[in-house]
Amino acid sequence: MHVGVDSFVAAVTDPSTERLVGPEERMAHLLEEIALADEVGLYSFGIGEHHRPEYYDSAPPVILGAAAARTSRIRLGSAVTVLSAADPVRVFQQFATLDLISRGRVDLVVGRGSFVEAFPLFGLSLADYDELFEEKLDLLLRLRESEEVTWSGRHRPALTGQGVYPRPLQDPLPIWVGVGGTPESFVRAGLLGLPLMVAVIGGEPRQFAPLVDLYRRAGARAGHAPERLQVGLHVFGYVAESTRAAADTIYPGWHEMFTKVSRERGFAQPTRAQFDATSGPNGAFFTGDPDTVADKLVRVSGQLGGVDRVSIQMTNPRLAHADLLRGIELLGTEVAPRVAGA
């Protein structure tokens, strides 16, 4: 099992001073975080995509390009690219270029995202939510297969044999499908033989076992070899010297973040009891000391029939830069070695 970090590049209020960290400083901190993840041997670092004021990750390829120049081993990717609201040609060109800059260290994870701001921003209708993704994923895979593509669809002008350049160093460029809890999404990824990145945001990770099994069965029916059907998890979490310290460190930012989302979506306001339950042995958050987090990763992998990759999203709006660096260090030096053989 490979272990990495995902970041949504949240705007941060320093908890010790109540000072809002400016976007320029936040970007500098982010590059330090990625460089440290590379240094401590973590497998991957992913950048999300949001179009909201509390995040600075609306242009992931730009951030990843800067990260590629500062790292040498760690794989770099999206978490996720909102393909429904993008032009697949430009997405392919951007990530092929990143692959060249990084010398073959790029993964492209595509999905529909958990927020919807990108749709009106780019003039798209939510009524086309499913069709947009299916059509654009088809084009993206065609672009990966061939330099010159003839293709037509409803949501983009047709291609009539034009060449799409540059070509990536990796052949083929790794494309993962990011999914939530929709069975159709798991089946689609399996039929296409694409690796799967499951976003575990709430509930219990073991509840995804039937969906992961559905993915594997769909892939097998389509004739794809088992080794192609990789499974990854995108999860929230944080590592500290003790489980109590981990919880106390990230709870304030968690409460702020989920209070905002709950107000927008009409959910009940989050509580500390809810947070503690979600961070517990069977909950969705991977929070605690290194042993606790490693044990949970191994246990969940077993529950899901084997997990190839886990990316832990540790950033939140009230997590100090020094605390995040320490969490990354512990994840790389203490947790990752414990689960490497799982």
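Start by selecting Glu49, which sits in the loop between strand 2 (44-47) and helix 2 (60-70). Helices here are DSSP runs of H or I with at least four residues and strands are runs of E with at least two, numbered from the N terminus. You are looking at a predicted model, in which local features need pLDDT of at least 70, side-chain atom pairs count only at pLDDT 80 or more, and totals for chains, interfaces and linings use all residues. Residues are numbered from 1 along each chain as its sequence is written, and side-chain values use heavy atoms, with hydrogens and water left out.

**Stop 1: around Glu49**

What does the side chain of Glu49 reach? Show the backbone nitrogen of Val82: the distance is 2.8 Å. Now display the residues that Glu49 touches (contact means heavy atoms within 4.5 Å). Leaving out residues up to four places away in sequence, these are Asp57, Ser58, Pro60, Val80, Thr81 and Val82. Glu49 is buried, meaning under 20% relative accessible area, where exposed is over 50% and partly exposed lies in between (1.4 Å probe, protein chains only). Glu49 has no salt bridge, a term for a side-chain nitrogen of Lys or Arg within 4 Å of a carboxyl oxygen of Asp or Glu. The nearest side chain of opposite charge is Lys136, 10 Å away; Lys and Arg count as positive, Asp and Glu as negative, and His and the chain ends are not counted.

**Stop 2: strand 12**

Select residues 309-313. Five of the five residues of this strand are buried, so strand 12 is largely enclosed by the rest of the structure. Arg309, Ser311 and Gln313 lie on one side, with Val310 and Ile312 on the other. In a regular strand the side chains alternate between the two faces of the sheet.

Strand 1 (residues 2-7) runs parallel to strand 12, joined by five bridges, and Gly4 stands opposite Ser311. Strand 10 (residues 231-239) also pairs with strand 12 in the parallel sense, over five bridges; there Val235 has Ile312 as its bridge partner.

**Stop 3: aromatic rings**

How many aromatic pairs does a search of the whole structure find? There are 11, where rings of Phe, Tyr and Trp (its six-membered ring) pair if their centres lie within 6.5 Å; planes under 30 degrees apart count as stacked, over 60 as edge-to-face and the rest as tilted. Pick Phe8 and Tyr55: their centres are 6.0 Å apart and their planes at 90°, so this pair is edge-to-face. Phe8 is in the loop between strand 1 and helix 1 (23-39) and Tyr55 in the loop between strand 2 and helix 2, so the pair ties together parts 47 residues apart in sequence. Phe8 is buried at 11% relative accessible area, and Tyr55 is buried at 10%.

Move on to the cluster of ring pairs linking Phe236, Tyr251, Trp254, Phe258, Phe275 and Phe285. Within that set, Phe236 and Phe285 are both buried.

**Stop 4: salt bridges**

The whole structure holds 22 salt bridges. Zoom in on Glu264 and Arg52, whose side chains meet at 2.7 Å, N to O. Glu264 lies in helix 8 (residues 243-265) and Arg52 in the loop between strand 2 and helix 2, so this pair ties together parts 212 residues apart in sequence. Arg52 is buried at 6% relative accessibility, whereas Glu264 is partly exposed at 43%. Finish by selecting the salt-bridge network of Arg52, Glu54, Glu117, Lys260 and Glu264.

Technical notes
A polar contact is a pair of N or O atoms within 3.5 Å; within protein, one must be able to donate a hydrogen and the other to accept it, and residues adjacent in sequence count only if both atoms are side-chain atoms. Two strands pair if DSSP finds at least two bridges between them.
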